Amino acid sequence: MIDDSFGEESERNHPTLGSGSSDQEASRFRENRFRYAVVTSLSSKVTTALLQIIAMPVAAKSLGIHGFVLYSMLTSLVVWLWVSNIGIGPSLSVSLAAARAISDEKEERHLFSSAFYSVMVISSIISILSLILTWYFPVHLIFGNLYQADLVVIRWGLSILVVMFFLQMNISLFEASLTGYQELHVINLNSTFNSIPVIAAIIWVASYRPSVIGMILAVNAPVILCRSLNVWWALWHHPQTRPSFACFRFKLCLKLVKSGVSYSLAGAIGHILAHIFPVILVGRVCAPDRAAAFTAVVNGIVMASGVYAMLGTPLWPAIADSAARGEGEWARKAYRQLLILCSAYSLLVAIILIGWGLALFRLWFHGEIQPSRALLLAASGYFLVLGWEQAHFSILMGFQRIKLAALMVLLRSILAIIATFLLLSPDREYVPFISMTICVLLLDAYPLWLLVQRHLKMLIQNTHYYS
């Protein structure tokens with residue numbers, strides 16, 4: 001049973017979230033929570049950067065080029081399982097934000113319980129099927145001839161990663177609820193500190209038990225334990241997130257899945273096609289040193305692109321809240337600021353990669369991995385267009401109007417992978433970045449801008465945007 005009085009007390013502790021609050025109070029609340037989210041996200045990015053800068057080179061050196069590429073390919077393969085999430089988490093975040101804006105606590109409970117049981121069933125089925133495939137099918141063939149002798153490591157590594165996937169997928173739903181309640185700073189603070197035990201575990205494994213399996217455990221197990229605290233926070237401070245089968249609504253489940261599929265097309269599948277699948281392709285086609293360099297640069301790009309999420313994700317619930325209240329001018333102001341910040345940041349990173357990237361990667365991996373100039377130039381171009389794309393997609397996510405945008409992002413990812421498959425050669429590890437840059441410019445850069453302008457105009461002209 002859910003304690004209704006506790007829920008009412010929770011609402012009183014957050015008066016600015018209710019529909020009765022003034023526009024100024026709501027605006028001030030959104031802006032304060034955005035600042036909290038950005039500041040704490042910055043701290044989490046710093047510790048994540050330390051993880052990449054300090055621990056990952058240690059891991060690469062202890063495992064050797066062969067072991068490090070195998071580890072990267074294993075983790076890249078399991079990321080495909082996240083497609084099964086079908087974007088329910090982000091869909092839940094913006095739906096909860098819209099429900100909270102009109103003080104519909106009953107809807108909040110129904111939303112979370114409907115999402116929780118859906119994710120639990122989906123993740124259980126996917127995990128069981130993945131374990132069966134891992135142990136009863138020749139999965140080692142996916143990795144190419146160089147890794148035929150690593151069958152035992154591949155199977156145990158994939159099994160551990162599947163279990164970690166199941167746990168993190170269910171934890172992420174509680175974190176999505178915190179995002180919807182504009183408490184992303186709680187998640188970020190947790191992330192800030194969970195990098196410390198991960199770094200310690202990686203260094204210990206590299207020093208005393210260097211192995212691919214040990215490295216998988218060192219990277220994932222401490223994160224699971226730390227992220228469990230986010231579950232506790234959500235359950236304690238937001239009783240609406242206490243799952244109850246009585247609150248499950250099949251219609252809401254379908255609504256979340258429908259919206260989530262759109263996000264998943266661009267978010268999960270788009271990310272995998274852009275940043276994960278190319279690691280496997282390059283690992284199969286290119287020599288180990290070039291494959292390791294490509295993997296290192298992709299890791300750097302993904303790490304740097306976390307700033308886009310730092311700036312854009314807090315705006316999901318904020319934009320949803322402003323749209324529910326009919327505050328179009330606030331949404332337009334937020335969009336302009338986000339676009340300026342993302343564009344300036346992407347330009348800065350591109351300049352650093354072109355000017356000092358080679359020296360930075362040599363320093364980062366202690367000379368073990370040295371990317372080519374062509375690879376760094378291609379990565380710089382991709383990072384520039386990625387900032388534009390992410391800024392506009394974040395705004396559309398807050399509007400809950402991403403179906404067409406998601407299809408465009410998915411299409412550009414698919415075409416980029418096809419181009420990569422056709423053009424990739426042993427001495428052209430930079431091809432994936434060039435393919436993706438061209439596809440973004442040709443297929444979705446201008447249409448995404450048009451979509452954002454259209455929905456901003458609709459919101460400003462019609463205060464009942466969601467009706």
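The chain has 15 helices and zero strands, where helices (H or I, at least four residues) and strands (E, at least two) are DSSP runs numbered from the N terminus. Its radius of gyration, taken over C-alpha atoms, is 22 Å, close to the 23 Å that the globule rule gives for 467 residues, so the chain is as compact as a globular protein of that length. That rule is 2.2 Å times the number of residues to the power 0.38. This is a predicted model, in which local features need pLDDT of at least 70 and side-chain atom pairs count only at pLDDT 80 or more, while totals for chains, interfaces and linings use all residues. Residues are numbered from 1 along each chain as its sequence is written, and side-chain values use heavy atoms, with hydrogens and water left out.

**Overall dimensions and surface**

- Taken along the principal axes, the box filled by the C-alpha atoms is roughly 65 × 45 × 35 Å.
- Of the 467 residues, 58% are buried (under 20% relative accessible area; exposed is over 50%, partly exposed in between; 1.4 Å probe, protein chains only).
- Among contacts (heavy atoms within 4.5 Å) with a separation of 6 or more, 83% join residues 24 or more positions apart.

**Nonpolar core**

- The largest nonpolar core has 135 residues, of which Leu74, Ile202 and Phe433 touch the most other members; such a core is a set of buried Ala, Val, Leu, Ile, Met, Phe, Trp, Tyr and Cys residues joined through side-chain atoms within 4.5 Å.
- Helix α2 gives the most to this core, with 15 residues.
- Leaving aside neighbours within four places in sequence, Leu74 is in contact with Phe143, Val153, Ile154, Leu158, Leu161, Val212 and Ile216.

**Ile65 in helix α2**

- Ile65 lies in α2, which covers residues 23–78, and is partly exposed, with a relative accessible area of 30%.
- Beyond its neighbours within four places in sequence, Ile65 contacts Pro288, Asp289, Ala292 and Glu368.
- Glu368 is 303 residues from Ile65 along the chain, yet their C-alpha atoms are separated by 8.5 Å.

**Ser118 in helix α4**

- Ser118 belongs to α4 (residues 105–136) and is buried, with a relative accessible area of 9%.
- Not counting residues up to four places away in sequence, Ser118 touches Ile88, Phe248 and Cys253.
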